[in-house]
Amino acid sequence: MKKIYLAWVIFAYLLAGCSGNTATHGEHEHEAHEHEEGHDHDHEGHDHEHEGHDHAHEEAGGGHAGEISFKKALAEAVGLKTHKVEPGAFTDVIKTSGRVMAAQGEESAVVATVPGVVTFGNLSFVDGAAVRKGQAILSLASSGLSDGNVAAKAKYAYENAKKEYERMEALIGDKIVSAKDFEQARLNYENAKVAWEAVAGKQTANGVSVVSPINGYLKNLQVKEGDYVTVGQPLATISQNNRLVLRAEVSEKYYNYLPSVQSANFRTPYDNATYKLSDLRGRLLSYGKASDANSFYVPVTFEFDNKGAIIPGSFVEIYLLTAPLQNVISVPVSALIEEQGVYSVYVREHEEAYKKVPVTLGADNGSEVQILSGLKAGDEVVTEGAYQIKLASASNAIPAHTHNH
């Protein structure tokens with residue numbers, strides 16, 4: 001009886017286990033089915049995202065990889081210009097620095113004609129003030145000094161010397177006065193006349209006027225109002241600025257190249273413009289045969305017309321032009337785009353598409369740059385408006401795509 005009861009218990013236990021396994025297996029199959037459906041759904045969404053991504057790329061970047069779309073109307077609005085590069089002559093360059101100075105004969109010193117105290121008039125006695133030849137710059141007052149009014153004393157001395165000379169001139173014929181006394185009287189008269197003519201017609205309420213000897217601009221002001229000055233003391237300098245000198249300081253290592261220097265370009269720090277001596281009637285004056293005793297540089301000097309607003313005394317970047325190079329591809333400096341030390345240009349692919357091309361630079365003459373690699377003959381390079389294309393390419397950038405499952 002116990003054996004029969006035990007058999008039934010084992011049978012019931014086995015039957016219950018089979019039922020549980022069947023249910024669990026069904027649940028696993030259901031979960032696996034749901035996972036497959038969800039995964040397929042995710043892939044459908046992912047495919048949909050890719051379609052949208054491709055569509056956005058087509059609208060922003062144009063048809064080909066690397067091309068930047070830039071509409072013709074926009075190019076005209078920003079003044080975009082292109083230039084087809086061709087091999088040609090390019091001058092080798094020595095890049096250095098130097099200074100612009102006034103040329104000889106273009107400046108005149110203003111000195112005190114009489115001793116006195118400086119008094120300014122209506123003219124602003126400041127650097128850069130324009131003056132005309134014969135215009136009063138300042139006055140020198142001497143009426144309050146112990147020596148008296150210089151202009152009045154010069155007038156009295158001239159009048160007395162003239163009377164004495166005329167009196168002796170009438171008597172010399174009759175030999176009433178000696179020839180020696182007559183010559184002394186004549187010498188005194190001539191000296192008094194020169195002293196009087198230096199101040200005649202220049203007296204004002206403030207003293208004797210000092211006038212400008214040439215047309216130009218004031219510089220190197222050396223006195224202020226109230227200063228006492230003596231005869232011949234420098235007061236200021238007047239510069240015409242019509243003809244200037246460019247002095248380049250060249251390292252000794254380029255000394256062997258100096259005989260081949262023909263001209264120069266230079267760039268000023270205040271207007272960032274590049275000036276060509278060939279456009280300013282420039283000419284080479286000389287180059288030093290030795291370096292300065294206080295430096296390791298050899299001077300090279302040019303002279304040119306000041307047709308622009310070039311300031312004498314300013315320091316500038318200088319590009320010395322030496323022997324010409326042939327079959328060189330070059331582009332204007334305005335065509336270059338610099339990003340973290342890497343230079344590129346934009347090449348026009350067709351009417352509304354441009355491509356960014358990295359380039360390797362060679363010699364730089366301030367206005368144009370030699371291209372060693374990256375461009376070939378016939379490439380149409382953007383020379384003006386390159387930064388507008390760069391901004392357009394940045395605005396068309398596609399956000400990074402992420403895979404989320």
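At 82% relative accessibility, Gln340 counts as exposed (over 50% is exposed, under 20% buried, and anything in between partly exposed, with a 1.4 Å probe and protein chains only). The model is predicted, so local features need pLDDT of at least 70 and side-chain atom pairs count only at pLDDT 80 or more, while totals for chains, interfaces and linings use all residues. Residues are numbered from 1 along each chain as its sequence is written, and side-chain values use heavy atoms, with hydrogens and water left out.

Stay with Gln340 for a moment. Gln340 sits in the loop between β20 (337-339) and β21 (342-350). Its phi is near 55°, a positive value in a residue other than glycine. Asn327 also has a phi near 55°, positive in a residue other than glycine. Asn327, however, lies in strand β18. It is exposed, with a relative accessible area of 66%.

Now the whole chain. It has five helices and 25 strands; these are DSSP runs, H or I of at least four residues for helices and E of at least two for strands, numbered from the N terminus. Of its 405 residues, 32% count as buried. Residues 24 or more positions apart account for 75% of them.

Val85 gives a local example of such pairing. This residue is in the loop between β2 (81-84) and β3 (88-102). Val85 is buried, with a relative accessible area of 1%. What surrounds Val85, leaving aside its neighbours within four places in sequence? The contacts are Ile329, Ser330, Val331, Lys376, Ala377, Gly378, Asp379 and Val381. Ile329 is 244 residues away from Val85 in sequence, yet their C-alpha atoms are 6.6 Å apart.

Ile329 and Ser330 turn up again around Gln370. That residue lies in strand β24 (residues 368-373). Gln370 is buried, at a relative accessible area of 14%. Beyond its neighbours within four places in sequence, Gln370 is in contact with Phe90, Leu325, Val328, Ile329, Ser330, Thr360, Leu361, Gly362 and Ala363.

At 36% relative accessibility, Ala323 counts as partly exposed. Leaving aside neighbours within four places in sequence, Ala323 is in contact with Phe90, Thr91, Asp92 and Ser260. Pro259 is 64 residues from Ala323 along the chain, and their C-alpha atoms are separated by 9.7 Å.

Next, the helices α3 and α4. Helix α3 (150-171) has 22 residues, which at 1.5 Å a residue should span 32 Å; its end C-alpha atoms are 32 Å apart, in agreement. The expected span is 1.5 Å times one less than the number of residues. The buried residues of α3 are Ala151, Ala154, Tyr158, Ala161, Tyr165 and Met168. They cover an arc of only 125° around the axis, which puts them on the same side of α3. The arc is that of the directions from the helix axis to the C-beta atoms. The face turned away from that buried side carries the exposed residues Tyr156, Asn160, Lys163 and Ala170.

Helix α4 (residues 179-199) has 21 residues and reaches 31 Å from its first C-alpha to its last, close to the 30 Å expected. Which residues of α4 are buried? They are Phe182, Ala185, Tyr189, Ala192, Trp196 and Val199. Their arc around the axis is only 110°, so they lie on the same side of α4. The opposite face, turned away from the buried side, carries the exposed residues Ala179, Lys180 and Val194.

What do these buried sides pack against? Those of α4 pack against α3, β8 (203-204) and β9 (207-211). Those of α3 pack against α4, β8 and β9. After α4 comes Gly201, whose phi is positive, near 80°.

Last, the open space. Rolling a probe the size of a water molecule over the atoms shows where empty space is left. A pocket is an open set of points on a 1 Å grid over the protein atoms alone, where a 1.4 Å probe fits, with protein on both sides within 12 Å along at least five of seven lines; lining residues have an atom within 4 Å of a point. The largest pocket holds about 210 Å³ of space. Its lining comprises Lys95, Arg267, Glu317, Tyr319, Val333, Ser334, Leu336, Tyr343, Leu361, Asp364 and Val369.

How values were computed:
Contact means heavy atoms within 4.5 Å. Grid points are joined across faces, edges and corners, and a volume is the space filled by probe spheres set on the points.
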